[in-house]
Amino acid sequence: MQKYFVPSEQFGDESIQITGNDAHHIMNVMRLKPGAEILVSDGEKREAVVVIEQCSADGVEARIVEMRDFDREPSVQVTIAQSLPKGDKMELIIQKCTEIGAVHFMPFVSERTVVQYDSKKEAKRLERWGKIAKEAAEQSHRNVVPTIEASMNWKALMSQFASYDLVLICYEDERGTMLRDVLEAFAPTEGDMQNRTVKQARIMVVIGPEGGFTSQEIHSAVEAGARCVSLGRRILRAETAGMAACACIMYQFGEMGGM
């Protein structure tokens, strides 16, 4: 069943009004007609199965037939901090990590970032990224749409480390510490998960650009509280590393058949 996120003010007690791009998608892409059922969420607390009653130039009017109360969000909050990659790779990272379960994205500029940051294009780029996150959240039936921050510099990113329970910086030259080992020591036990005796952990995953991090950046990140980890013996692309790390975290926390 196709899912759509709508602003909370469009979410009534008995009916829902869908306008803008979502209405266009329903009528012209999905070609849904009156009588069809879809899922609609306000991205906060409410989700409902609705039946389309009318499609017009003003949008789509739908009647609520069932309120749903279930949670598809993971038991761990993962933030992907990604040094800006070339081309449209950031769009792929946002799309796939949203599907896997990331809740937050923090793009940043590091020493070897190739992309020339343009503040004039920032608003348009954030709008595009937000749309991609929303569509990926709808496709994967998430309860919320991940948030995306404006691009920041390396120092600003490190200032955020202290607000996380665990910060992982992935480095291809790390030989001693594997991501698996850190996660096994950090993640709650199966008994903790079943008894719900642990708080929801906040983990940041820091991924470098195509050229990787400099040794000085790794040193400064570790001094700021990050754990330097390896993702294995193979070198992953900048756009692959975050997805792999996010999937490993979800598995370790029982979100993909782990515990």
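Reader: Is V6 buried or exposed?

Author: A word on the model before we start: this is a predicted one, in which local features need pLDDT of at least 70 and side-chain atom pairs count only at pLDDT 80 or more, while totals for chains, interfaces and linings use all residues. Residues are numbered from 1 along each chain as its sequence is written, and side-chain values use heavy atoms, with hydrogens and water left out. V6 sits in the loop between strand 1 (3-5) and strand 2 (15-18); helices (H or I, at least four residues) and strands (E, at least two) are DSSP runs numbered from the N terminus. Buried means under 20% relative accessible area, exposed over 50%, and partly exposed in between, with a 1.4 Å probe and protein chains only, so V6, at a relative accessible area of 4%, is buried.

Reader: Which residues does V6 touch, not counting those up to four places away in sequence?

Author: Contact here means heavy atoms within 4.5 Å. Leaving out residues up to four places away in sequence, V6 touches F11, I16, I18, D22, V40, S41 and D42.

Reader: What radius of gyration does the protein have, beside that of a compact globule?

Author: The radius is taken over C-alpha atoms, and the globule rule is 2.2 Å times the number of residues to the power 0.38. The C-alpha trace spans about 60 × 50 × 30 Å along its principal axes. For 259 residues a compact globule would have a radius near 18 Å, and the protein agrees with that at 20 Å.

Reader: What share of the contacts with a separation of 6 or more comes from residues 24 or more positions apart?

Author: Burial first: 45% of the 259 residues count as buried. Among the contacts with a separation of 6 or more, the share from residues 24 or more positions apart is 73%.

Reader: How far apart do the centres of the positive and negative side chains lie?

Author: Lys and Arg count as positive and Asp and Glu as negative, with His and the chain ends not counted. Each charge is placed at NZ of Lys, CZ of Arg, CG of Asp or CD of Glu. There are 30 positive and 38 negative side chains, and the distance between the centres of the two sets is 5 Å.

Reader: Why does the pair of F108 and F213 count as stacked, and what is the angle between the planes?

Author: Rings of Phe, Tyr and Trp (its six-membered ring) pair if their centres lie within 6.5 Å; planes under 30 degrees apart count as stacked, over 60 as edge-to-face and the rest as tilted. The whole structure holds 4 aromatic pairs. In one of them, the rings of F108 and F213 have centres 6.4 Å apart, and the pair is stacked because the angle between the planes is 0°.

Reader: How many residues apart in sequence are the parts that F108 and F213 tie together?

Author: Both F108 and F213 are buried, and together with W154 they form one aromatic cluster. F108 lies in strand 7 (residues 104-109) and F213 in the loop between strand 11 (201-207) and helix 7 (215-223), so the sequence separation that the pair bridges is 105 residues.

Reader: Which residue with a positive phi counts as buried at 17% relative accessibility?

Author: Most residues other than glycine have a negative phi. R31, with a positive phi of about 55°, lies in the loop between helix 1 (20-29) and strand 3 (37-41) and counts as exposed at 61%. Another residue has a phi near 60° and is found in the loop between helix 3 (122-139) and strand 8 (147-148). The residue that counts as buried at 17% is H141.

Reader: What separates the C-alpha atoms of E91 and W129?

Author: E91 is found in helix 2 (residues 89-100) and counts as partly exposed at 22% relative accessibility. Not counting residues up to four places away in sequence, E91 touches R128, W129 and I132. E91 and W129 are 38 residues apart along the chain, and the separation of their C-alpha atoms is 6.3 Å.
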